[in-house]
Amino acid sequence: MIYRNGLLSFGEDHLFPLQALAAQKSDPFYIYDLSGMRQRARALKATLPGLEIHYAMKANGANRILRTFRSEGTGIDTVSGGEIRHALAVGFPPGEIIFSGVGKTRTELELAIGLGIKQINVESPQELQRIIALARALGKKPRCAFRVNPDVDAKTHPYITTGFRENKFGMGDHFLPELRLILASAGDAVELVGLTLHIGSQLQDLAPLEDAIRKTLPIFYSLQEEGHPMRTFDVGGGLGIRYQEEHTLPPRDLALIEEYGALLRRALKGFAGQVLCEPGRILVGSCGTLVGEVQYLKETPDRNFVILNTGMHHLLRPALYQAHHRILPLVLHPDRQIKRYDVVGPICESSDVLGKERELQEIFQGEFLAIADAGAYGYSMATLYNEHPLPKEFFWEEQVLSDENGADLSALLDSARKLRDFDLSP
Ligand SMILES: Cc1ncc(COP(=O)(O)O)c(C=O)c1O
């Protein structure tokens, strides 16, 4: 998303001015660039021969996005029975579904075991015992991987770090004796096929991930030597995006994907098994934007508030972990003065702030603002709190604008041709 002729223009390989859409849809909406998502999935796939991507659908479960990744040959990483059923419904076969999560219920495990999914990522000894009991009852032999907690500091926000000893996720090596005993008494009820780790999200510095892989590989080899059919090593997700920075073409995400590939090639040199990963944010984060309309401006002695028709109910990240999203006017007016604003939503909570103390060109009622890099953990965390409707979702691919059902809405962009001589060609 970049400015062209002063118009905020959505997309990467093809651009269109968001104002053309916003002016006709005054309700808040998300828009996603499916070509950008494909490009990232392809770039990731190319970093390591045989790398198996399992898209972490919690980042964004829009059907069109799931089908896009499916058509790129990725599998899927799920964290609930709901996500497993959703993945099946859009066409992912059980053999391409991974089930992660620290609190899997009996019903969810029954579903996963009954389906014979690719792998259940086990997070505690009690979970392993539950899986064994259910496997026996169902007469199935599920494939399991142990989620290791490698005790590294991912140097990200405390709410999204997961591989440190204080976190609830995964199992430190002190769990290994107990896990070995449980496996020994399980006979052939389950298969231990691999290890998995996920040290946190929004990683910018990849060194802790390399550290985690190096710490975990010896555990893999020792379990293999003990006779387990170990074959998968799942490095999780966690690649970050640049929320603070303006977009560039080619996108910076591709540079981080390259760096990640080099890390995997280095850290897993000589590893003969299957390498899996579970990326979410890097594939979708910077390919999505939320657009809201300015309802009111409100000046107090302390603050200038811009009150939008979208807020924490559509994009929770700023309220949940003080996340930064760039806020951009759809039309630039260089002649206007710059003012400092708090950009807030309509929800009855003081934490309903999308951006605090932002320097923006003077804003007027009825204009639109874009919240950038909202493709990951945006719509998937949206709620009906205060009973506002959920935002609409639009999709942009190969110069076609469409809705969630695939209906072609490109005619809406005809007005774009009248906007400041915008050129729709690439
Ligand atoms: C187990 C697991 N895998 C993958 C992911 C995806 O992480 P990201 O979106 O940071 O790539 C998460 C996110 O929380 C996770 O918990």
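Colleague: What distance separates the centres of domain 1 and domain 2, taken over C-alpha atoms?

Modeller: A word on the source: this is a predicted model, where local features need pLDDT of at least 70 and side-chain atom pairs count only at pLDDT 80 or more, while totals for chains, interfaces and linings use all residues. Residues are numbered from 1 along each chain as its sequence is written. The protein chain is assigned domain 1 (2–32 + 286–418) and domain 2 (35–281), with bounds that come from an automatic or database domain assignment. Taken over C-alpha atoms, their centres are separated by 32 Å.

Colleague: Which element gives the most to the side of domain 1 that touches domain 2?

Modeller: The contact takes 22 residues from domain 1 and 23 residues from domain 2; two residues are in contact if their C-beta atoms, placed from the backbone, lie within 7 Å. On the domain 1 side, 9 residues are nonpolar, 6 polar and 7 charged. Here Ala, Val, Leu, Ile, Met, Phe, Trp, Tyr, Cys and Pro count as nonpolar, Asp, Glu, Lys and Arg as charged, and the others, Gly among them, as polar. With 3 residues, the element that gives the most to this side is β19.

Colleague: In β20, which residue is the bridge partner of tryptophan 396?

Modeller: Helices (H or I, at least four residues) and strands (E, at least two) are DSSP runs, numbered from the N terminus, and two strands pair if DSSP finds at least two bridges between them. Strand β19 (residues 392–397) pairs with strand β20 (residues 400–403) in the antiparallel sense, over 4 bridges. In β20, the partner of tryptophan 396 is leucine 401.

Colleague: Is glutamate 398 buried or exposed?

Modeller: Glutamate 398 lies in the loop between β19 and β20, and its phi is positive, near 50 degrees. A residue is buried if 20 or more other C-beta atoms, placed from the backbone, lie within 10 Å of its own, exposed if 12 or fewer, and partly exposed in between. Because glutamate 398 has 9 C-beta neighbours inside 10 Å, it counts as exposed.

Colleague: And where is glutamate 387, with its positive phi near 60 degrees?

Modeller: Most residues other than glycine have a negative phi. Phi of glutamate 387 is positive, near 60 degrees. This glutamate 387 has 7 C-beta neighbours inside 10 Å and so counts as exposed. Its place is in the loop between β18 (368–371) and β19.

Colleague: Which residues have the most contacts inside the largest nonpolar core?

Modeller: A nonpolar core is a set of buried Ala, Val, Leu, Ile, Met, Phe, Trp, Tyr and Cys residues joined through C-beta atoms within 7 Å. The largest one has 109 residues, with at least three from each of domain 1 and domain 2. Beyond neighbours within four places in sequence, tyrosine 32 touches residues including Ala62, Ile65, Phe395 and Trp396. The residues with the most contacts inside this core are Tyr32, Ile131, Ala370 and Ile371.

Colleague: Which residues come nearest to the ligand?

Modeller: The shell around the ligand divides into 6 nonpolar, 7 polar and 3 charged residues. A residue is near a molecule if its C-beta atom, placed from the backbone, lies within 6 Å of it. Of the 16 residues around the ligand, those that come nearest are Ala56, Ser201, Gly237, Gly280 and Arg281.
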